[in-house]
Amino acid sequence: MMMMLDTLRRFWGRKMLYRMKISLVLQILIGCINTKAQANSFYNHVSQILKYCNSRCLAVVPQGGNTGLVGGSVPVFDEVIVSLSSMNNIISFDKVSGILVCEAGCILENIMSFLDNEGFIMPLDLGAKGSCQIGGNVSTNAGGLRLVRYGSLHGNVLGVEAVLANGTVLDMLKTLRKDNTGYDLKHLFIGSEGSLGIVTKVSILTPPKLSSVNVALLACKDYSCCQKLLQEAKRKLGEILSAFEFLDGQSMDLVTNHLEGARNPFSTSHHNFYVLIETTGSDESSDKQKLEAFLLGSMENELIADGVLAQDINQASTFWRIREGISEALMKAGAVYKYDVSIPVENLYNLVEEMRSRLGDAANVIGYGHLGDGNLHLNVSVSQYDEKILSQIEPFVYEWTSKKRGSISAEHGVGLMKANEIFYSQSHETVQMMASIKNLMDPNHILNPYKVLPHSITS
Amino acid sequence: MKIMVTVKRVIDYAVKIRVKPDKTGVVTQNVKMSMNPFCEIALEEALRIRESGLASEVVAVSMGPSQCVDTLRTGLAMGADRGIHVEANDSMYPLFVAKILKKLVEIEKPGLLILGKQAIDDDCNQTGQMVAGLLNWPQGTFASKVVLDKEKQVATVDREVDDGIETLCLNLPAVITTDLRLNQPRYATLPNIMKAKSKPIKKFTPKELNVDIKPDLEIVEVTEPPKRKSGVLVFSVDELIEKLKHEANVI
């Protein structure tokens, strides 16, 4: 029990180590839900806990897989931790419609394995899939690698069961593709990071697993080539495009230096940018033809300097490991300051270049991300955390993003880290309205306090 | 000197294999097929030998249905110069492959024949040995290192065997089968994929080569191996001995 408390205290990164006094961790223990009676009895646990905490004004922080990157599930002061991890049952799956209903504590990778057996896939995929839980994914509106093809969780989540601060259970767990009856409240819980209610069950639409997957890793000489390649890919690959990721030369170097077994497929030459394209379709030969034609055409037009096409699943996994392993490599390289911004695609890389010239030799600035969605993961890798370096990065990175009318958090959420910075991406009127909704749904402010909304508004 | 390499189209190594409900084989419908990993290594070795100047041409050979051309295209994209497709719709057992290879060797006259040590679908590990026997050529199987001497016309092969590494010296022409640690195969790069489109693939049929491939083996049944049972906790040495004696029957 002590070891677990310790893990829960220190899980999140090393930038903001919150070693707080955790007095109480409540793990919701759920057995198999076979009967309605049992089902009714289990979610009463979360409901009862919140009802009690609300009556005593005890703050609560919900926890899932603890893979968040903005401190959204870190207890800040004396919050009671409510861990959803034991609620990991898959409740039902409709093989015709692909609609899955499961509890919030199901680990994403486990759901993926289950669906794989049934011939379906999850509409989202992220590097943290081995630990992150679907409740957390929904609560943070996680993006990931396949958003360019399947869209965001706002589109794929069909229903949610959530518990409000006062213990009221909102059963909005529909399995309907279309339902225009009143205000669609489930959207309030998707992305509000546990500040409006605790998500306990999710119903999600899963796409069928298509047999033909192709992955290519391409080398580009500059960022504008990457951009033009994206335009061409959307046009020429259209409906089979399932991922479009980019990483700069510095990211590739980091991965090959720090990740075991990772090697650069273009070992003989150094390139400035790399793009990973994945296509998913139903016809192996026609997809491969389409992809090859697109790649060869792009090569002739000098959009690509070089490229490799995976010939089997193993090679495809190797290419993905390079992209997905950047976070791991960053952790091994030392300390890292992580930023996740959404900027108009044409300006995306300028932020990396400006940050690089600002910090000079003091840090290794790398940029990579979901180019297909205009999402840049800017990471500053240093040997040790240093306030001086931080002052050079913030608030510059937020101001820069704000000037371009971008989002200071494309997919990672706001959590604790960026709560006070929300004004860089939202107007005062909008944030006021958010606060009004918060006051309505959680008048005692017990749900995940100090997060999401700026302290100036909520105190 | 010409090098001939065989490449087999098999179910991709990373796919979870399922047995067909009628137990006549495994499910291959809608399942990803790729080049046998050992064949990739064989082709890579041939390419490296050519690149070091000790060979002039690498010919890739595949036998089976029309989709084998895809596997040959991958081989050509890796760098092979030409492809040969022997079209046959029946199962290609090692003896038939060996007999057909003998005929192709008589036509092409390569100085070296490199194969993967086994295919990951049938795990036979027989073709290389059989063709060496049919051709009366020396063989170096499970190669983990190959060094060619053009002048002396010999190949020095390190073989991975149970007691360690055995080094053999073979007179060319010879047959070599490759093991995992021989090399790391290259990726198919776009410029090479482009070049591969214009490389020729010659077609043959077993009939044209005068080889009878009527199967003399019949697959009676294919079943999954028994699922692993969970372990049992024992609480005393006596209990352990009792279980080993009467349940596991090992003492």
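Colleague: What separates A:Glu232 and A:Lys236 in helix H8 of chain A?

Modeller: About one helical turn, because the two sit four residues apart in H8, which covers residues 223–236. Keep in mind that this is a predicted model.

Colleague: And what makes the pair A:Glu232 and A:Lys236 a salt bridge?

Modeller: Their side chains meet at 2.7 Å, N to O. The cut-off is a Lys or Arg side-chain nitrogen within 4 Å of an Asp or Glu carboxyl oxygen, so the pair qualifies. By this rule the count over all chains comes to 33.

Colleague: How many salt bridges does the rule find across the interface of chain B and chain A?

Modeller: Two. There is also a salt bridge between the side chains of A:Glu292 and B:Lys197, at 2.7 Å, N to O.

Colleague: What is the area buried between chain B and chain A?

Modeller: About 2,100 Å², with carbon and sulfur atoms giving 57% of that. On chain B's side, B:Lys32, B:Tyr187 and B:Leu190 supply 38% of the area that chain B buries against chain A, more than any other three residues. In terms of contacts, 21 residues of chain B touch 24 residues of chain A.

Colleague: Over in chain B, what makes H3(B) oblique to H4(B)?

Modeller: The angle between H3 (residues 94–108) and H4 (residues 127–135) of chain B is about 45°, with the axes 8 Å apart. Roughly parallel needs an angle under 35 degrees and roughly perpendicular starts at 65, so H3(B) counts as oblique to H4(B). H3(B) passes H4(B) in a right-handed crossing.

Colleague: What classes of residue make the contact of H3(B) with H4(B)?

Modeller: Ten nonpolar, one polar and two charged residues. Among them are B:Leu95, B:Val97 and B:Leu101 of H3(B), along with B:Met130 and B:Leu134 of H4(B).

Methods:
Residues numbered from 1 in each chain as written. Chains lettered and ligands numbered in written order. Predicted model: local features only at pLDDT ≥ 70, side-chain atom pairs only at ≥ 80, totals over all residues. Heavy atoms only, no water. Contact = heavy atoms within 4.5 Å. Buried area = accessible area lost by both parts, 1.4 Å probe. Axes fitted to C-alpha atoms, helices over the stretch in contact; angles between N-to-C directions. Parallel < 35°, antiparallel > 145°, perpendicular 65-115°, else oblique. Left-handed = near helix turned anticlockwise from the far one by under 90°. Nonpolar A, V, L, I, M, F, W, Y, C, P; charged D, E, K, R; others polar.
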